[in-house]
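Take a moment with the structure below. Look at how the chains sit together, then read on.

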Number of protein chains: 2
Amino acid sequence: MSIETDIKQNKFRSAYQRLALNLVYTSNWLEYKQLEIFKHYDITSQQYNVLRILRGQQMNPIKVSDITERMLDRNSNTSRLVDKLLAKNLAKRTSCPNDRRAVDVVITEEGLQLLTEIDPFVNAWEERFNIITPEEADTISGLLDKLRESDQ
Amino acid sequence: MSIETDIKQNKFRSAYQRLALNLVYTSNWLEYKQLEIFKHYDITSQQYNVLRILRGQQMNPIKVSDITERMLDRNSNTSRLVDKLLAKNLAKRTSCPNDRRAVDVVITEEGLQLLTEIDPFVNAWEERFNIITPEEADTISGLLDKLRESDQ
DNA sequence: GATTAATAGATGTTATGACATTAAATGTAG
DNA sequence: CTACATTTAATGTCATAACATCTATTAATC
């Protein structure tokens, strides 16, 4: 369904306005769809995002501030997000030897296992994207990168 | 800056995964940038979204449920959003003659005025999008529409 | 026409987000 | 070394989001 039909608006000021609305609308749609997967595992999108970052570290400890830098939504309160993961034994926290202000975070076996359970569903979900070609996906990615460059 | 650099991840499972992450990241960036405009006027993105929908109605009353349908983020609690606008005299609420369950909402002069004040800033912001061509913007929009079609 | 289902919107509750502040550790300049 | 600024993470507070429930009204079914 076109964005026009979806939000019942048939006139836009410009192609740029339509794109801006479509971006936000599509992103909300995407996050909502992923949330439907995650909620079976009692985690939020943000918690999943942190877990993925931790797994990406390959068991190397990572500081809270570094997690924040890698997050999709940087306004999140990373400290409290990590608290949630700790409470579920999905991550563990140790003090950083080099810098006693910092805190090192590592994913646990339990956390890795949870991601392994979720992976097939996320993969299946992403595979539905092949309604467009990989080249088209790359084209969009490249143009989005360019859009954000207009910022300073 | 490429999404790779932005979230410090240099490998993606597929072009589709990169696109999914880029979409969410870019949408957050976009919403954050708009918020910077709106906060000078003491409204949130959601409240702005509702005001725009009301203005689009050209003074014709619109039901709360219809506002929800047109919103970019439909998980919002429209009822309470309208409350906020009422409290600021940006909208008014009358009971709907045809259906006593429903509530008609209309933008006030004050609401229209506020949008008029904000317009130039939003327009200027959107004009920076011309770092890509209108054709490219349309291409992305079309592909995003297609992506959402994969949903059922 | 009575009964049940569906719809519209408001409200209660809990969790999360946004933003400021704090505390501790580290870095830096005199 | 001392004083001050900066960094890192945690916490406090308030607003909003998420989700369920409730009330009033309308629609549908028997």
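Predicted model: local features only at pLDDT ≥ 70, side-chain atom pairs only at ≥ 80, totals over all residues.

Start where chain A meets chain B. The contact draws on 59 residues from chain A and 59 residues from chain B. How much area do the two chains bury between them? The figure is about 6500 Å², and 58% of it lies on carbon and sulfur atoms. On the chain A side, A:Tyr16, A:Leu72 and A:Arg148 lose the most area to chain B. Together they make up 13% of what that side buries. The size of an interface is often given in this way, as the accessible area lost when the parts come together.

One of the salt bridges joins the side chains of B:Arg148 and A:Asp6, with 2.8 Å from N to O. Which elements of chain A give two or more residues to the side that touches chain B? They are α1 (3-6), α2 (15-38), α4 (64-70), α6 (109-127) and α7 (134-149). Of these, α2(A) gives the most, with 19 residues.

Next, turn to the sheet in chain B. Three strands form an open sheet there, in the order β1-β3-β2, and the pairing is antiparallel. β1 and β2 of chain B stand at the edges with a single partner strand each, so one side of each has no neighbour in the sheet. Strands of a sheet pair through backbone hydrogen bonds, either parallel or antiparallel. β1(B) pairs with β3 (residues 103-107) of chain B over two bridges. Find B:Ile62, whose bridge partner in β3(B) is B:Val105. α3(B) lies across β1, β2 and β3 of chain B, and runs at about 90 degrees to β3(B).

Finally, check two backbone angles. Most residues other than glycine have a negative phi. B:Met59 is not a glycine, yet it has a positive phi of about 75 degrees. B:Met59 sits in the loop between α3 (45-56) and β1 (62-63) of chain B. Its relative accessibility is 44%, so B:Met59 counts as partly exposed. B:Asn89 is not a glycine either, and has a positive phi of about 60 degrees. Where is B:Asn89 found? Look in the loop between α5 (78-87) and β2 (91-95) of chain B. B:Asn89 is partly exposed, because its relative accessible area is 45%.

How values were computed. Residues numbered from 1 in each chain as written. Chains lettered and ligands numbered in written order. Heavy atoms only, no water. Helix = DSSP H or I, 4+ residues; strand = E, 2+ residues; numbered from the N terminus. Buried < 20%, exposed > 50% of the residue type's maximum accessible area, 1.4 Å probe, protein only. Pairing = 2+ DSSP bridges. Contact = heavy atoms within 4.5 Å. Axes fitted to C-alpha atoms, helices over the stretch in contact; angles between N-to-C directions. Buried area = accessible area lost by both parts, 1.4 Å probe. Salt bridge = Lys/Arg side-chain N within 4 Å of Asp/Glu carboxyl O.
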